Structure formats: C-alpha cells, structure tokens
Amino acid sequence: MKRQEKVPIAFQEKIFILRKYESYCYQLAFFLLKDEEDGIQAASQTLIELSQDDEFFLASEMLQRRKVKSLTIKTSLMIRRQWGAYLLPGGNP
C-alpha cells in the first residue's frame, strides 16, 4: 500500500482559515485576561503558532475551533504568569 503525501495548503487558504478564528481567539483571550493589549498579544501568538501547524488546516472546523480555544487558553495563561513575575518582590515593573 502506497503512503499518501500531504498536499500543502495554499498560503491564501491558510490566511482565510486563520481569519475565521481571529475574532473568536481575541474575544476569548480578552475575556481571560481582562486587558486589550494582552488580549491582542495572546491572540497574535496563538494565530502565529496555528499558522505553523499543518495538521490544524487539515482538521474539521469543530477540531479547529477546539484547537483555537485550547491554544488561546494556554497562551493567555502564559501571559498571566508573566504578570505574576512582575508582582513578585524583585520583579521588574
């Protein structure tokens, strides 16, 4: 049996798919962080990471949305942890 090769997703198609999730990603990040700038940062980092994940683009919309949600939460928590470092004694303002 011959192994199937993955057909690369066109750049424009990747952009189209990522734009479908851009608002959702930002809304979730903003809800978690309660800060516009940090929400933008979390959403941007999430979308950049997703743009490099070929499996994401081949998944169903349901799985894509699930991946966006879990990665946005993870990224938002990492940003939130950075806040904690600043709040500790000796942390940078």
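Start by selecting leucine 47, which lies in helix H2 (helices are DSSP runs of H or I, at least four residues, numbered from the N terminus). You are looking at a predicted model, where local features need pLDDT of at least 70 and side-chain atom pairs count only at pLDDT 80 or more, while totals for chains, interfaces and linings use all residues. Residues are numbered from 1 along each chain as its sequence is written, and side-chain values use heavy atoms, with hydrogens and water left out.

Leucine 47 is buried, at a relative accessible area of 14% (buried means under 20%, with a 1.4 Å probe and protein chains only). Now show its contacts, meaning heavy atoms within 4.5 Å: leaving aside residues up to four places away in sequence, leucine 47 touches Leu18, Glu22 and Cys25.

Next, select the lining of the largest pocket: Leu18, Arg19, Glu22, Tyr26, Ile40, Ala43, Ser44, Leu47, Ile48 and Ser51. On a 1 Å grid over the protein atoms alone, a pocket is an open set of points where a 1.4 Å probe fits, with protein on both sides within 12 Å along at least five of seven lines, and lining residues have an atom within 4 Å of a point. The volume of this pocket is about 160 Å³, taken as the space filled by probe spheres set on the points, which are joined across faces, edges and corners. H2 (36-51) and H1 each supply at least two lining residues, and the largest share, 6 residues, comes from H2.

From leucine 47, hop to tyrosine 21: the two are 26 residues apart in sequence and 8.4 Å apart in space, C-alpha to C-alpha. Tyrosine 21 is buried too, with a relative accessible area of 5%.

The structure holds 3 aromatic pairs (rings of Phe, Tyr and Trp, the last by its six-membered ring, with centres within 6.5 Å; planes under 30 degrees apart are stacked, over 60 edge-to-face, the rest tilted). How do the rings of tyrosine 21 and phenylalanine 56 meet? Their centres are 6.0 Å apart and their planes at 65°, so the pair is edge-to-face. Tyrosine 21 belongs to helix H1 (residues 11-33) and phenylalanine 56 to helix H3 (residues 54-58), 35 residues apart. Tyr21, Phe56 and Phe57 form one aromatic cluster.

Finally, select arginine 65: its charged end sits over the ring of tyrosine 24, 3.8 Å from the centre (CZ of Arg or NZ of Lys within 6 Å of the ring centre and within 35 degrees of the ring normal).

Notes
Buried means under 20% relative accessible area, exposed over 50%, partly exposed in between (1.4 Å probe, protein chains only).
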